[in-house]
Amino acid sequence: MSSETEVPHMREVGYVSKKTGVRWMPVIGLEVHCQLGTRTKLFCGCEYRFGASPNSITCPKCTGQPGALPVQNREALALAVRTALALGCTVATKSKFDRKHYFYCDLPKGFQISQYDQPYCTGGGIQLSTGKFVRLTRIHMEEDAGKAIHDRGDMTLVDLNRAGVPLIESVTEADIDTAAEAVEYLTSLKEILQYCGASECDMEKGSLRCDVNISVRPAGEPWRTKVEIKNLNSFRFVSAAIEHEIVRQVDAYEMGEEIVQETRLWDANRNVTRTMRSKESAHDYRYFAEPDLPPIHISSAFLEYERKLLPELPSSRRARYESALGLSPKDARNLTAERVVADFFEAAVRLSDKPKECSNWIQNELFKMVGDPELGTERFEELQLKPFDLVSVIELVDKGSIAMSSGRTLLRAMAETGKSAKVLVAELGLAQVQDTALIERWCREALVGKDKIVADVKAGKPNAINALLGGVIKLSGGKANPQVVRETLERIIAQP
Amino acid sequence: MSAYSALDAVGLAQETARGKRSASENIEAAFDAVKALDSELNVFLNTNLESARALARVLDAAPAETRGPLHGVPIALKANMCVEGFESNCASRILAGYHAPYTATFVRRLVDAGAIPIGMTNMDEFAMGSSCENSAFGPSKNPWDETRTAGGSSSGSAVAVAAGITPIALGSDTGGSVRQPAALTGIVGFKPTYGRVSRYGLIAFGSSLDQVSPFARSVRDVELVTHLMSGTDSNDATCLDEPRMNCEICDLKGLRIGVPKEYFGGGLQHDVRARSEEALALFEQLGAVIVPVSLPHSEHAIAVYYVVATAEASSNLARFEGVRFGRRVDGDGSLQGMFAATREAGFGPEVKRRILLGTYVLSAGYYDAWYGRALKVRTLLRRDFEAAFESCDVIVGPTSPEPAFALGSKKDDPVAMYLSDVLTVPVNLAGLPAASVPCGFVDVLGRALPVGLQIIGPHRADARVLSVARAFEEATSFAAARAPRFFHGARS
């Protein structure tokens with residue numbers, strides 16, 4: 001991720017017009033706003049929660065009361081810097097906040113505190129799976145605006161809970177060629193932000209928001225006018241909007257029309273983009289240095305401290321899971337999509353040294369429990385299971401102390417009750433029967449009337465015995481060890 | 001027991017704390033003065049007798065050991081300060097009826113020391129002006145001559161002290177708004193180093209210039225009030241981490257007093273020059289050494305100031321658009337229409353002029369030529385002072401180029417009005433501490449009008465400035481002079 005060099009990549013993608021056969025190349029850049037998961041807002045002590053009752057999380061500062069002053073949140077700077085380091089950006093030792101002016105009812109001070117000509121970091125980027133490097137131009141810190149709610153009759157209501165929530169805005173170079181690349185970039189960015197603990201990146205709650213800048217040009221020609229698309233609330237919409245906008249722009253050019261520089265909105269109901277405002281009404285933001293905040297100085301000691309707090313990133317973990325732990329690329333991707341899962345997996349592997357079993361159990365059993373209404377767990381981290389719990393179940397199954405199916409039952413019971421494996425094995429009577437006399441009795445019972453199978457086994461078809469196994473396990477209530485059952489059956493049949 | 005208005009704040013607090021008088025009696029005396037003088041001098045925009053009486057009762061009941069250094073002292077506050085229980089309208093129609101939901105740090109600290117806010121004083125709208133003629137509620141009058149300005153923009157606070165209504169009052173000094181009215185009303189005003197006093201709760205005009213500043217009838221009072229207000233504040237990131245002030249009466253022997261030739265130029269009124277030179281002669285007699293210095297970029301100070309201050313003002317005043325507080329005018333029914341109609345109806349002409357100016361100098365394409373260049377010259381002005389202070393300890397000169405001018409005489413000439421601040425503005429641009437102390441009178445049409453002497457110190461040398469001011473005060477009797485007709489108690 002820290003590589004600054006652009007990997008040469010094929011530029012023969014693009015969109016071939018059915019009408020003219022011309023190959024059109026899209027030129028795409030992304031601007032992503034991400035709410036930092038700090039305890040308090042960027043410039044005041046209000047503790048933001050999504051969904052709180054309107055205007056309940058406000059104070060003189062974030063409502064822009066006359067005479068109130070902003071004070072910088074240190075935690076926001078730490079998270080912003082950590083993100084920058086994870087993305088390979090160059091962090092500026094000195095930067096500053098600026099005021100960006102415009103009038104709107106959800107902007108309490110009449111200006112937004114942002115960073116204009118001295119962002120806290122520049123450069124960096126994300127490597128895609130194709131090897132292509134999408135470069136970041138910059139990331140800057142700013143405060144979020146409030147929310148204007150327009151759908152209440154002829155009134156507009158303003159909720160300032162969100163006003164002042166810390167954001168980082170990352171801007172890419174126009175390195176992206178396709179909707180798929182855009183989605184891969186966003187997926188990686190989201191993973192990195194989550195791994196750093198910078199943000200929960202929940203698009204539904206607005207903690208991750210993406211704007212697309214896009215133009216098209218015939219292959220080999222210079223760049224043309226770009227259009228900005230807003231209101232993209234999911235990666236699916238980002239993808240659909242890009243696909244739609246490429247076709248719209250190509251059609252326009254081929255009809256002899258011009259594309260005007262404007263901001264367009266994605267209309268998810270009709271699957272089209274439509275004009276929001278044109279460049280003629282563009283704002284003059286009248287940026288100038290925020291006089292109420294001292295410049296931001298980032299010392300090398302602070303940088304080093306934050307660098308030490310950086311977790312191993314998902315791309316590196318995936319590579320390691322494949323090479324050192326022998327997992328498939330698909331398993332590696334599934335296990336690293338969320339940091340809590342990857343951390344859980346690694347802890348379980350450290351305890352058991354059984355990466356494949358851990359991987360299978362997590363994907364087959366634990367993932368199923370997430371979102372299970374009976375358990376009431378909506379997120380992985382809410383599961384009442386520790387890596388040790390999973391490993392203890394895996395060990396019991398591997399040792400033959402319990403059957404595989406009992407292992408599943410046990411794990412679920414542990415998640416439900418929070419009790420230990422040992423206690424539940426006893427409570428639920430899951431231990432496999434080791435009593436050979438008892439197993440022999442079940443075997444003899446199962447053999448009654450199965451002379452044909454016995455004859456086949458004796459005739460040199462040992463696999464015929466499998467047809468008897470199920471019957472014995474059933475008689476045991478699932479507690480007989482299949483290996484012991486097989487050996488017992490072989491012994492009885494072999495008897496003269 | 002001395003008469004209420006005969007005492008300064010330190011004296012009044014001592015008598016009150018010792019039980020010679022009560023805080024409640026002080027409040028009644030202050031409101032008697034309001035009653036006697038306010039209709040003629042137009043000092044207060046709103047007062048709160050009930051809250052003052054309630055606070056006084058609490059203080060009177062307080063045990064002796066908890067009584068603070070301002071115990072029971074009535075104080076007047078400029079109407080751009082946020083105090084729960086008072087209307088902070090900045091003398092503007094747009095904030096008519098605005099009650100802040102919080103109290104400024106500096107007010108809280110004074111109240112903790114025993115001060116009792118009695119009311120919010122008249123001012124130029126949003127602190128923009130030098131005569132109070134930009135108040136939406138009519139100008140305050142000078143107690144020395146009610147046909148003349150009391151200066152501005154902290155006019156009402158200056159008059160409250162000069163007329164004996166309160167011993168101390170707070171103003172805000174962005175380009176001279178405390179020192180100039182102090183000079184024109186014959187009292188002491190002190191602008192601390194930028195950042196010494198938290199601005200949390202001061203409604204911003206020019207954020208990089210504004211500083212809360214006290215008025216009083218003695219230097220020891222402004223020293224005490226500044227001392228009590230200063231110190232870091234978790235609500236103001238620009239606050240200096242300065243030790244509390246430690247002022248000592250200073251021996252003037254060997255003190256190097258810098259006299260900038262630019263402050264004694266052609267625009268200086270003859271009699272004001274004379275009083276200033278007499279003051280310098282007195283300093284010499286007391287053992288100080290006069291050192292000629294130069295502040296070569298002073299001629300650009302007014303231009304720089306009106307770019308920087310208006311740019312910041314255009315930004316700071318953007319929040320007044322009718323959505324959350326103050327007055328709202330619906331206009332054509334659209335959101336932008338409401339913003340425009342509210343601002344059109346709410347702001348006075350000078351505020352509009354400055355918002356336009358500030359918006360222009362920050363506009364794309366003009367920023368570098370105006371705001372960017374002004375910042376560079378501001379740096380040069382700061383360096384002028386740094387260079388001058390290599391050869392002197394303080395800089396002394398007149399505070400205002402002329403004594404109080406007649407109300408109406410500059411109303412239609414904004415540039416002439418802006419030049420009233422030519423001697424005070426450089427100090428704000430450089431962020432330095434400066435005091436204005438009374439240094440005599442000039443006779444204008446048979447009336448004695450006060451003249452102020454400005455003492456400027458290096459960055460953070462607030463204590464030095466006040467020590468020199470106190471030495472001057474002790475050697476002279478100008479601070480003891482009272483306006484003959486409009487000083488509370490003088491007429492009874």
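Close-up 1. Most residues other than glycine have a negative phi, and most peptide bonds are trans. B:F126 counts as buried because it has 30 C-beta neighbours inside 10 Å; a residue is called buried if 20 or more other C-beta atoms lie within 10 Å of its own, exposed if 12 or fewer, and partly exposed in between, with C-beta atoms placed from the backbone.

The model is predicted, and local features need pLDDT of at least 70, side-chain atom pairs count only at pLDDT 80 or more, and totals for chains, interfaces and linings use all residues. Residues are numbered from 1 along each chain as its sequence is written, while chains are lettered from A and ligands numbered from 1 in the order in which they are written.

**Close-up 2. The loop between β10 and β11 of chain B, with B:L445.** B:L445 has its place in the loop between β10 (434-444) and β11 (447-456) of chain B. Phi of B:L445 is near 50°, which is a positive value in a residue other than glycine. With 8 other C-beta atoms within 10 Å, B:L445 is exposed.

**Close-up 3. The nonpolar cores.** A nonpolar core is a set of buried Ala, Val, Leu, Ile, Met, Phe, Trp, Tyr and Cys residues joined through C-beta atoms within 7 Å. The largest one holds 231 residues, of which B:I75, B:V188 and B:I455 touch the most other members. The element that gives the most to this core is α9(B), with nine residues. A second, separate core of 29 residues includes A:C358, A:L366, A:V393 and A:I402.

**Close-up 4. The contact between chain A and chain B.** Chain B brings 34 residues to the contact and chain A brings 25 residues. On the side of chain B that touches chain A, α9 (301-316) and α10 (335-346) of chain B each supply at least two residues. By class, this side of chain B has 18 nonpolar, 10 polar and six charged residues, where Ala, Val, Leu, Ile, Met, Phe, Trp, Tyr, Cys and Pro count as nonpolar, Asp, Glu, Lys and Arg as charged, and the others, Gly among them, as polar.

**Close-up 5. Helices α7 and α8 of chain A.** Helix α7 (residues 339-352) of chain A packs with helix α8 (residues 355-369) of chain A at an angle of about 140°, their axes being 9 Å apart. That angle makes α7(A) oblique to α8(A), since angles under 35 degrees count as roughly parallel, over 145 as roughly antiparallel, 65 to 115 as roughly perpendicular and the rest as oblique. Axes are lines fitted to C-alpha atoms, for helices over the stretch in contact, and angles run from 0 to 180 degrees between N-to-C directions. Among the residues that meet are A:F344, A:F345 and A:V349 in α7(A), and A:P355, A:C358 and A:I362 in α8(A). The residues of this contact divide into eight nonpolar, two polar and one charged.

Close-up 6. In α9(A), A:D389, A:V393, A:L396 and A:V397 meet A:M404, A:G407, A:L410, A:L411 and A:M414 in α10(A). Seven nonpolar, one polar and one charged residue make up this contact. A:T409 also has its place in helix α10 of chain A, and with 16 other C-beta atoms within 10 Å A:T409 is partly exposed. Leaving aside residues up to four places away in sequence, A:T409 touches A:L428 and A:L430.

Technical notes: Helices (H or I, at least four residues) and strands (E, at least two) are DSSP runs, numbered from the N terminus. Two residues are in contact if their C-beta atoms, placed from the backbone, lie within 7 Å.
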